[in-house]
Amino acid sequence: MPSPWTKIGHGFAWFFNLHLDPYGQREAERTDSRNASQSHPNVEPYEEGDPTAAGWLLSVTPTPRGIFQYFYRLFPFLHWITRYNLTWFIGDLIAGVTVGAVVVPQGMAYALLAELEPQYGLYSSFMGVLIYWFFATSKDITIGPVAVMSTVTGGIVSRAEEAIPDVPGHVVASALAVIVGGIVCFLGLARLGWIVDFIPLPSIAAFMTGSGINIAVGQVPTMMGMNSKKKHFSTRDATYLVIINTLKNLRYTTIDAAMGLTALLMLYIIRGTCTYLAKRYPQREKTLFFISTLRTAFVILLYTAISAGVNVYRRTHPLFSVLGEVPRGFQHAAVPDLDPKILSFFTSELPAAVIVVLIEHISISKSFGRVNNYVIDPSQELVAIGVSNLLGPFLGAYPATGSFSRTAIKAKSGVRTPFAGVITAIVVLLAIYALTAVFWYIPQASLAAVIIHAVLDVVSPPNVVYQFWRISPLEVIIFFAGVLVTIFDSIEDGIYTTVCVSFAVFIFRLFQAKGRFLGVAKVRTIGDMKASARTSETQSLTRNTSEDQNTIQSPRQGGISSERNLFIPIDHEDDSNPRITVSHPYPGVFIYQFSELFNYPNATRFLDGLTAGIFQATRRTDPDSLGKLGDRPWNNPGPRRGKVEIDDTAERPTLRAIILDCSAVNNVDVTSVQALIDVRNQLDRYATPDVVEWHFAHVRNPWTRRALAAAGFGFLRPGRDGASSEPGRRWKSVFSVADLADAASPLSSDGVGRFSEKAIREKHTGPGDEEIGATQPPSVEEDESTGRQVPVYGLNRPFFHADVQEALDAVLENIEPRPPIFKS
């Protein structure tokens, strides 16, 4: 008795003229399942059901437990803070102090890149590391000002000084941080961290390389003192213009160059020396690592001392450019000003700023997670970086993200938990309150040297680009395109170029995907003959003992030797050995493999390749089915009246069956399924009066199976396929089954279990054989009388198969010799 809801649904279907079951699916599936069960009485029946929209909605509807888990996962520190111990604290203390000694000079230097006063770099450094640890899923990441984000911020601030001169630069930078943080935090809360995966590695490398060159070139004039007394040119121009102007204005070099060039040289000497000594004296590697890590702090302290000795009595007119006054404490703490005038100014810059934050942070955190054997949650990392940028501006911070150099230092310093960020925050706080008087003497040329030294490390070396070329030459073009656009235009346009070109290449590959016809080759697997001989000797010595103890014997003992069908491209386009003979499995039977996703962008190309290959290798079953001359298609009108056409396709077989290998297909859409229906109708007319069988292998997604079944695929359609199309012919079901374990455990050693040593030997060799693999394993028919068996997939859809071999078996089992009645 149908339920009221069913009756209501049928009433709507009648009113709107909906065809609920145009292919007779329900009746056909019941018949297929019943026939298969009757043919194999030892196989337990199993019918495959379709997924429903209601079930999908139920699966994505949050449960109370799911809601609790969502909020609990927003604070990952709750997972480990209760197990915090002294050993972890010592590791975090060392790493936190080390990073703090590096972040203080770097933060002030990067603030100058952002066209801000140096204290804003300290504010950003403090808030980044203090807030991040609450939300972090990475123990290594250090949040704070970075070179690229500072450069992007500096470009916005410098343009704002001209467009809205009444608004201070730090107000614009704080507003930018709030908006960027809000966007990134929303993406994290919505669990959209996967969008970062749209940006491939070559694009990230191009962005980092171009940005590193851009920043380093822009800092050379400051290091040389060219703009110290009078600004001769802008370092915000395109990189190539800055290079040209730097060479033109070398005559304006001042004594600042002595403080900058020697500082840069010292940084490289210390690092090179420590690297060399660490290789020569491995026992001192840890000590040398810390010396190398602290080289930035050491160089800044050294040149600050030199500057203090020179300028202590020349504060009004210092000998070379110095950092100047740095206010003590958080003098600029305030609520960020989100005036619409400010927001509208940098709206067009937001995409680039958000992409920079995402790229740097997620790529760094994923990289160090893989190196140190833990998994990060990209969405949660977006929440962390978003909250840091939302709250940081209240103390005067500007946009911050993960720093590669400081993260590497933190990881190598032995950090144990994200709590090390609190130690770093304490170090930065001490600098803000206790060292501001010393900061006045820091030479700006030495800070420029620090920036150049840091950003050149992110430039991809030639070996990395060469590896890109070996893996994917096309992506090397993307890499150089991004670098060149960054050098000749801007960092923002370089970002857009790499992202857009990478996406265009992805779409191009999807649209240009080609299917391939597979043939059958008889192959067998062989192992190491010498190793097999040694194994056999050992096995013969221990066999009696192992049989007595009922131990489990591996089926691979005694060597590998298995013969099977291998399905490889007919034309050997996969670089398989061309000397191997590959042919279609049977005249008129074709195996076609989708190499990519089967969706609307490439469905037509896939199916055009399928039909072209079939027409080339087969002939029309009934030439008279074309009808009269006036009824024939214009592109195949046939011979003229009174003329006899020489048929060069007479020796070709007729089309019998198509097997589609869907191992690369996950989802299908309406366009692709409709294209498949159209091709089915086209080939049915081509093969009439025969019927073309369509078999599908490796369709794993239930929604894809539902879509294909709704289009009339997967089952014996009444009046069309199998028994209905030819009187007296019965469809022979072929499907894969799995043996259910008996009462004993599958791995039991009591001699009763199905996988005991004796059972394995008898299964593969027979009771009297001594060598494993001496005979072929029994077939399903031979073994179906023993034990219980269940089908892998539903018996109600006999044209959906577990693999290509099963599909081929089903086709060959049901192909009966038919006379070539229309052969001319």
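Author: Let us begin with residue classes: Ala, Val, Leu, Ile, Met, Phe, Trp, Tyr, Cys and Pro count as nonpolar, Asp, Glu, Lys and Arg as charged, and the others, Gly among them, as polar. By these classes, the lining of the largest cavity divides into 10 nonpolar, four polar and one charged residue. The model is predicted, and local features need pLDDT of at least 70, side-chain atom pairs pLDDT 80 or more, while totals for chains, interfaces and linings use all residues. Residues are numbered from 1 along each chain as its sequence is written, and side-chain values use heavy atoms, with hydrogens and water left out.

Reader: What makes a space a cavity, and how many cavities of 30 Å³ or more are there?

Author: A cavity is a set of points, on a 1 Å grid over the protein atoms alone, where a 1.4 Å probe fits but cannot get out; lining residues have an atom within 4 Å of a point. The volume is the space filled by probe spheres set on the points, which are joined across faces, edges and corners. By this rule there are five cavities of 30 Å³ or more. The largest has a volume of about 140 Å³, and of its 15 lining residues Tyr110, Val146, Ala147, Glu360 and Val458 are the closest to its centre.

Reader: Which helices each supply at least two residues of that lining?

Author: Helices are DSSP runs (H or I, at least four residues), as strands are (E, at least two), numbered from the N terminus. H6 (86-113), H8 (147-163), H10 (201-224), H18 (404-412) and H21 (444-455) each supply at least two residues. The largest share, three residues, comes from H10.

Reader: What lines the second largest cavity?

Author: This cavity, of about 120 Å³, is lined by 16 residues, and Val734, Phe735, Gly794, Pro798 and Phe800 lie nearest its centre. Its lining has 10 nonpolar, four polar and two charged residues.

Reader: Why is H6 called roughly antiparallel to H18?

Author: Axes are lines fitted to C-alpha atoms, for helices over the stretch in contact, and angles run from 0 to 180 degrees between N-to-C directions. H6 and H18 pack at about 170°, with their axes 9 Å apart. H6 is therefore roughly antiparallel to H18, given that angles over 145 degrees count as roughly antiparallel, under 35 as roughly parallel, 65 to 115 as roughly perpendicular and the rest as oblique. In contact terms (heavy atoms within 4.5 Å), Ala95, Thr98, Val99, Val102, Val103, Gln106 and Tyr110 in H6 meet Ser405, Arg406, Ile409 and Lys410 in H18. These residues divide into six nonpolar, three polar and two charged.

Reader: Why is H9 described as oblique to H16?

Author: The axes of H9 (residues 169-189) and H16 (residues 350-371) come within 10 Å and cross at roughly 60°. H9 is therefore oblique to H16. Leu176, Ile179, Val180, Ile183, Val184 and Leu187 in H9 meet Leu350, Ala353, Val354, Val357 and Leu358 in H16. The residues of this contact are 11 nonpolar, no polar and no charged.

Reader: How is the peptide bond from Thr688 to Pro689 described?

Author: That bond is cis, with omega near 10°. Pro689 is in the loop between H27 (670-687) and strand E7 (693-697).

Terms used: On a 1 Å grid over the protein atoms alone, a cavity is a set of points where a 1.4 Å probe fits but cannot get out, and a pocket is an open set with protein on both sides within 12 Å along at least five of seven lines; lining residues have an atom within 4 Å of a point.
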